[in-house]
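Please read the following report beside the sequence and the three-dimensional view.

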Amino acid sequence: MSVLAKTWHLTSQAELLKDLGSNPKVGLSQVEAAKRLARLGANVLVGKPKEGPWRIFLRQFQDFMVLVLLGTVIVSILLGEYLDATAIFAIVFLNSILGFSQEYRAERSLDMLGILAAPHAKVLRDRHKTVVDAADLVPGDIIFLEPGDRVPADALLLESKLLSVDESNLTGESIPVTKDAAFRGTASTVTGDLKNIVFKSTLVTRGYATCLVVTTGMDTEIGEIAHLLQEDVEVQTPLQKRLGQLGKVLVLACLAIVAVVFLAGVKQGLPVYKMFMVGVTLAVAAIPEGLPAVVTIALSVGVQRMSKQNAIIRQLPAVETLGCATVICSDKTGTLTLNQMEVESIWSASHGLEAEPKGEVGDSLYYATATAALCTRAEVYQGGEFFGEPTEVALLRFAERSGFGGQGAWRKNFLEVESLPFDSERKRMTVVVKKGNEHLALVKGAPDVILQRCTHIMVGSQIVPFNQTYRQLALEALELMADQALRVLATAHKSLGKKLTPASGWEQGLILTSLIGMLDPPRPEVPGAIRAASQGGIRTIMVTGDHKKTAAAIAERIGLIGPFSRGPSEVLTGAEWEMLTPLEQRKKIQSVAVFARVAPSHKLSIVRALKENGEIVAMTGDGVNDAPAVKEAQIGVSMGIQGTDVTREASDMVLLDDNFGTIIRAVREGRGIYDNIRKFIRYLLGCNVGEVLTMLVATLLGLPLPLIPMQILWMNLVTDGLPAIALGLDPTDQDLMLEKPRDPQEGVFAHGLLKRILFSGTAISLAALGIFVFSLWYHPGDVLLSRTLAFTTLVLAQLVFSFQCRFERYSIFEAGVLGNIYLIFAVLLSFSAQVLILYNPFLANMFQTVPLGGEDWLLVSIFAIFPLFVETVLRLVKQMVRRHFSLLKV
């Protein structure tokens with residue numbers, strides 16, 4: 001335990017504020033905070049040092065197959081084959097540069113996501129509350145905590161209201177600790193008993209606090225045990241694991257084939273050294289040892305692409321799961337709507353329902369305005385800048401323009417004494433203020449909660465019993481506002497007299513003052529996003545705490561229910577859902593489109609019912625109590641603007657803009673990433689099958705070797721390198737959202753991928769063998785030319801094949817070749833490199849090639865497009881057969 005922590009609770013607030021040069025009403029200035037940050041460093045825990053570029057580059061030479069190649073370099077030197085040794089080392093070096101660039105880019109992409117998803121803190125700077133990166137906090141900062149926040153630094157409590165903090169990650173104590181700013185202990189008080197101190201990385205579970213930051217970064221309590229946090233755990237996605245296992249099987253199969261090629265060559269009388277070199281290089285080219293790494297690259301590139309669309313992936317496996325989502329359970333406020341609240345209408349017993357009624361001092365609207373200005377965590381500063389949660393800011397704007405004075409004027413007349421904070425279970429908030437000697441409780445909250453606690457109502461300046469007549473008028477006004485898609489809050493108050501009564505009585509026997517309706521318009525892009533989700537086989541369910549009619553009105557506006565909706569259209573309340581048995585819930589949820597008046601516990605049971613029905617669920621959440629449901633869902637989605645730290649940590653994906661449309665874009669990208677990985681696999685394995693079959697068949701038929709080791713390695717570089725990477729950057733196919741979600745248990749070779757790989761590999765091999773045999777017949781004895789023709793045909797056929805791999809459902813004649821600019825450049829570069837080794841004398845000598853004439857290039861072109869020709873003909877035949885049978889059915 002740090003020395004500072006041992007003395008904090010013994011030091012008075014005033015003394016500590018003086019020592020740190022801070023003021024709880026002003027905070028630090030931005031200039032002073034910047035100076036302290038430069039002097040003391042960022043408020044971060046120093047983790048395991050990241051690998052530098054050189055270490056990543058050197059790691060490329062630790063791969064088993066690379067080490068085998070380096071061994072062949074040594075063998076070649078010992079046997080005096082210096083040209084072979086130089087060529088092999090050069091290709092190994094180029095391959096390592098390529099591998100380094102891929103891995104370095106992937107790591108930087110994931111590092112950038114860590115920065116985007118970094119925690120934030122609410123801090124007072126230059127008298128204004130603002131939000132900064134938690135890393136920018138410095139000792140002396142005044143910070144504000146509320147439920148769901150991760151404590152950003154070790155801090156002394158200046159004020160606290162019903163504050164409880166989960167310190168289990170620091171002390172091991174599972175029960176949240178109640179904190180108290182007035183606590184004073186002794187020098188022997190242990191960490192778990194320091195009631196007036198909050199520690200970095202612990203979690204606020206209840207209440208509010210204003211704190212003084214004392215230590216940051218590695219000087220904090222958790223910083224002293226930060227070495228426990230420095231072990232990096234690499235999380236592999238299910239696909240990476242499956243491909244890792246597949247890779248082991250393919251390695252054994254390739255080694256067996258390579259052994260056959262080696263033995264067959266030796267049996268034919270070819271030199272052992274030459275066949276050894278052929279075997280090693282063929283194994284290097286054929287074994288897809290990089291498949292899991294290729295998937296990591298594709299995932300990291302896709303994740304970076306998602307981040308540009310405001311979706312931050314926190315858990316890599318979620319990328320795969322996104323493409324399988326069948327149901328999205330979405331909050332309404334801020335996700336389906338703009339979260340730009342404005343007061344639209346107000347109901348009071350004296351004025352009825354009006355847009356902006358004008359009240360008088362002492363009447364119901366006066367007390368409603370007092371509640372809006374004082375019963376809030378929102379703030380307004382000079383210059384009209386507002387800070388706070390959108391609903392409270394809307395109420396504060398209403399209070400500012402009400403004619404009774406702004407928040408500052410209200411606070412001069414009414415001093416806040418105590419408060420009961422809002423939470424999603426209570427659905428209300430209370431502030432006790434004092435004017436003169438009189439105490440007054442101001443209450444706001446959900447209408448159904450507040451109305452049942454009211455015994456009286458204000459009619460003008462008169463307080464009368466809240467009888468059935470007035471209750472019916474209030475309910476009718478509530479229904480009318482809900483029909484207009486307004487979010488409604490009720491305001492009430494209660495006089496507590498000169499002596500403050502116990503808190504248990506503050507919210508009983510209330511006097512109703514108003515119903516305030518706020519409009520939060522739907523996001524304009526949401527109806528289109530819901531239609532896109534529906535076309536992609538994804539069902540959308542709205543889950544909201546709002547009134548049933550308000551939720552239904554918004555749902556109809558966005559096309560979730562109503563005449564143009566195709567799916568389920570029932571609206572159910574949390575209370576109605578709770579009355580059902582688990583079996584009934586599973587059946588009922590199939591017809592529900594909207595859940596209204598739900599509590600966090602309802603969200604959890606909704607997710608479980610959907611999962612038991614076999615659905616893959618994405619659940620959004622923002623509050624601290626939403627975390628269990630977000631964690632339970634296969635895809636937990638948290639809000640980047642309104643979300644709490646604990647919900648973000650429980651989620652797999654964070655929406656930086658809190659926008660439902662971003663979820664749909666992320667699903668499309670998730671499907672696209674998986675689609676690109678399949679393209680990757682099809683291309684790499686198809687090319688490898690073509691190379692292996694070419695060598696195997698030629699050797700078994702007793703033909704001269706169609707490729708020498710240098711050519712095999714070169715082909716591995718130019719075809720498996722840039723074009724393969726470019727396929728991973730292929731733009732997401734727009735048609736992907738017209739398909740049904742993928743089964744998460746689906747194998748990587750599903751939908752006939754293995755057949756396509758074997759067919760394409762065989763066709764590529766036939767093309768190379770065909771031109772090789774033809775050339776040996778047409779140019780008897782000219783093995784060098786025949787080998788050059790076979791070598792170039794293989795390279796060109798594989799480059800053409802890269803365009804074929806872009807589409808599974810279309811031919812390149814239907815889809816075109818211009819959709820991926822990276823692939824076009826990669827193919828042109830690889831083709832240029834191939835031409836270079838044919839016509840540059842030094843390289844031609846190294847790779848044992850000869851220049852090709854016009855007739856040779858014509859021949860190469862014909863054989864190189866043979867696989868494409870065969871695939872196109874078969875596709876046309878299938879379409880004709882399918883059309884014929886469909887006509888027969890008609």
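This is a predicted model: local features need pLDDT of at least 70, side-chain atom pairs count only at pLDDT 80 or more; totals for chains, interfaces and linings use all residues.

Residues are numbered from 1 along each chain as its sequence is written, and side-chain values use heavy atoms, with hydrogens and water left out.

## The chain as a whole

The chain has 33 helices and 26 strands, where helices (H or I, at least four residues) and strands (E, at least two) are DSSP runs numbered from the N terminus. Of its 890 residues, 53% count as buried; buried here means under 20% relative accessible area, exposed means over 50%, and partly exposed lies in between, with a 1.4 Å probe and protein chains only. The chain exposes about 38,200 Å², and carbon and sulfur atoms supply 61% of that area; accessible areas come from the Shrake-Rupley method with a 1.4 Å probe, and for residues only the protein chains shown count as cover.

Among contacts in the chain with a separation of 6 or more, 72% are accounted for by residues 24 or more positions apart, a contact being heavy atoms within 4.5 Å. The structure holds 0 disulfides, a disulfide being a pair of cysteine sulfur atoms within 2.5 Å.

## Enclosed and open spaces

Rolling a probe the size of a water molecule over the atoms shows where empty space is left. On a 1 Å grid over the protein atoms alone, a cavity is a set of points where a 1.4 Å probe fits but cannot get out, whereas a pocket is an open set with protein on both sides within 12 Å along at least five of seven lines, and lining residues have an atom within 4 Å of a point. Grid points are joined across faces, edges and corners, and a volume is the space filled by probe spheres set on the points. By this rule there are 3 cavities of 30 Å³ or more.

| Space | Volume |
|---|---|
| Largest cavity | about 70 Å³ |
| Second largest cavity | about 40 Å³ |
| Second largest pocket | about 1,300 Å³ |

The lining of the largest cavity includes Glu356, Lys358, Phe398, Arg401 and Phe404. By class, this lining has 4 nonpolar, 3 polar and 3 charged residues, where Ala, Val, Leu, Ile, Met, Phe, Trp, Tyr, Cys and Pro count as nonpolar, Asp, Glu, Lys and Arg as charged, and the others, Gly among them, as polar.

The second largest cavity is lined by His120, Ala121, Lys122, Phe144, Leu145, Asp149, Arg150, Pro152 and Asp645. Strand E1 (120-125) and strand E3 (142-145) each supply at least two residues of this lining, and the largest share, 3 residues, comes from E1. The classes here are 4 nonpolar, 1 polar and 4 charged.

The second largest pocket is lined by 36 residues, of which Lys25, Lys129, Glu159, Glu379 and Arg411 lie nearest its centre. Its lining divides into 17 nonpolar, 8 polar and 11 charged residues.

## Individual residues

Asp622 is found in the loop between strand E24 (617-621) and helix H22 (627-632), and counts as partly exposed at 22% relative accessibility. Leaving aside neighbours within four places in sequence, Asp622 is in contact with Asp331, Met639, Gln642, Gly643, Thr644 and Thr647. The C-alpha atoms of Asp622 and Met639 are separated by 5.5 Å, although these residues are 17 apart along the chain.

Ser345 has its place in strand E10 (residues 342-348) and is buried, with a relative accessible area of 8%.

Most residues other than glycine have a negative phi. Asn310, however, has a positive phi near 75°; Asn310 lies in the loop between helix H10 (291-307) and strand E8 (311-313) and is partly exposed at 29% relative accessible area. Asp658 also has a positive phi, near 55°. Asp658 is found in the loop between strand E26 (653-655) and helix H24 (660-700), and is buried, with a relative accessible area of 4%.
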